[in-house]
Amino acid sequence: MKKLTIIAILTAMTMHLQALTPWTKGAFETSQYRNVFVEMGYSPEAVDAKLREVFNDVFYGPNKVYFEVGDTLGYISDIKNHDARTEGMSYGMMIAVQMNQKDIFDRLWRWSKKYMQHQTGPRQGYFAWSCKTDGTRNSEGAASDGELYFITALIFASNRWGNDTGINYKAEAQHILDCIQPKEYTPEPRPGAFGGFGAQQQGPQQRYLIDPQTQLITFTPDGFGQRFTDPSYHIPAFYEVWAKWADDGRSDYWLQCARKSREYLHKAINPKTGLNGDMTQYDGSEMQAPRFPGRRQQQNDDAKPRRNGSNNFRYDSWRVPMNIALDYEWSCSDGEWQRHYGETIQNFFYSQGVDTFLDQYRTDGTIPEGNEILQAGGFRKLRHSIGLVATVAAASVMCSHDKSREFVAALWNARHEPFDDGYFDAYYDGLLRLFAFMHLSGNYRVIGK
């Protein structure tokens, strides 16, 4: 009995030490993944069951966001906005290939190709970022993160399932990669497609997903949106996937893009709080008001400029901790900075209360007011949102402080259900929650050949 007690104590001490020791090599090199939940004391069986539960919530439960159409198609819907978005479609494909759900993957890809992808014209290969659920396009223009995820998910599908089961995944990825290279086009005589703004210049312009000067991903690949970027679109490890397996003749270029993206994140993130703006200039500096061309900057009675909400940490920004965690898990080539970043942002949210922190802040950690607060689902309100709970917990893979345990426990115990005022986001909150459980259980992986 005494011997068993000693073994139990030693096992508990080992688990504690593991949980506080981030790895120093990435999965590209080791093919190994941490199960942080298990390291922190949850049983493997409970973790597997919880991951299945969260997956089923998104794809099959009463608040699902995945819907099948006929025998071959399917889409993911942003329920509260009554549309399907390249963000959600490409996220769904990434989840499906990670979870070895080929039917879901193929349905989502066929729907995306049929209704979203431009097959001809100046936007050939790009995807309309928003469609009605019947496939009618709400907008013709692209949002660059959709293409980023589509390409990577297709490469993984090629590696996992091959290219002779009805869809040539690699050829589809290579087609997009070719189309996103800089190409000349003539702007349409109307505002651009994403968010009601875009190219206003006259004469031929260039369209590209990656800015040729900085090698950083654009906010949108046309017009005004090519002048700046979104920190949450930066996942350097995805470029390393392209360099390894796209076979498009651009390996060196994609590795350069990965390096530039990591350098950019250093500049775009507040070193004291770990927070980043919703959008930034390519040099990481704040957006300058007015944000959109032709739109006057409003002023308060004291003639001071109104704060630009685009410079605040809000919905898009939530993804950054999880994206940096992914780059750390897969590549770890910027590990020292990433470990410091993980603890910095967790320290900030810890200071706000693990169970009470808000979902929007200025990057200096102060609370936004009025129209600075980005509304969602008809509500302009600060909340303690499960999507951000999830991504801050996912940052634990980079951290060595005990605070990480509290963030992981908060995610494990959080219930994804409507707020008291009726607001509920099955889509964005649900997808980020699922991604976080995949990360922390060691099930968000590089899928090689």
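The exercises below work through a predicted model, each with a stepwise solution. Residues are numbered from 1 along each chain as its sequence is written, and side-chain values use heavy atoms, with hydrogens and water left out. Local features need pLDDT of at least 70 and side-chain atom pairs count only at pLDDT 80 or more, while totals for chains, interfaces and linings use all residues.

**Exercise 1. Overall make-up**

State how many helices and strands the protein has, and what share of its residues is buried.

Solution. Begin with the secondary structure, which comes to 15 helices and six strands, where helices (H or I, at least four residues) and strands (E, at least two) are DSSP runs numbered from the N terminus. Next take accessibility: of the 449 residues, 57% count as buried, buried being under 20% relative accessible area, exposed over 50% and partly exposed in between, with a 1.4 Å probe and protein chains only. Finally, turn to contacts, meaning heavy atoms within 4.5 Å; among those between residues at least 6 apart in sequence, 68% join residues at least 24 apart.

**Exercise 2. A helix pair**

Describe how helix 5 and helix 6 pack, and which residues meet.

Solution. First, the geometry: helix 5 (residues 86-98) and helix 6 (residues 102-116) pack at about 155°, their axes 8 Å apart, with axes fitted to C-alpha atoms over the stretch in contact and angles running from 0 to 180 degrees between N-to-C directions. Helix 5 is therefore roughly antiparallel to helix 6, a term for angles over 145 degrees. Second, the residues: from helix 5, Thr-86, Met-89, Gly-92, Met-93, Ala-96 and Val-97 meet Ile-104, Phe-105, Leu-108, Trp-109, Trp-111, Ser-112 and Met-116 of helix 6.

**Exercise 3. Arg-433 and Glu-53**

Determine whether Arg-433 and Glu-53 are buried or partly exposed, and list what Arg-433 touches.

Solution. Start with Arg-433, which lies in helix 15 (residues 428-440) and, at 4% relative accessibility, counts as buried. Leaving out residues up to four places away in sequence, Arg-433 touches Glu-53, Val-54, Asp-57, Ile-386, Ala-390, Leu-411, Ala-414 and His-416. Then consider Glu-53, placed in helix 4 (residues 44-59), which counts as partly exposed at 38% relative accessibility. Lastly, Glu-53 and Leu-434 are 381 residues apart in sequence, yet 9.5 Å apart in space, C-alpha to C-alpha.

Note on methods
Angles under 35 degrees count as roughly parallel, over 145 as roughly antiparallel, 65 to 115 as roughly perpendicular and the rest as oblique.
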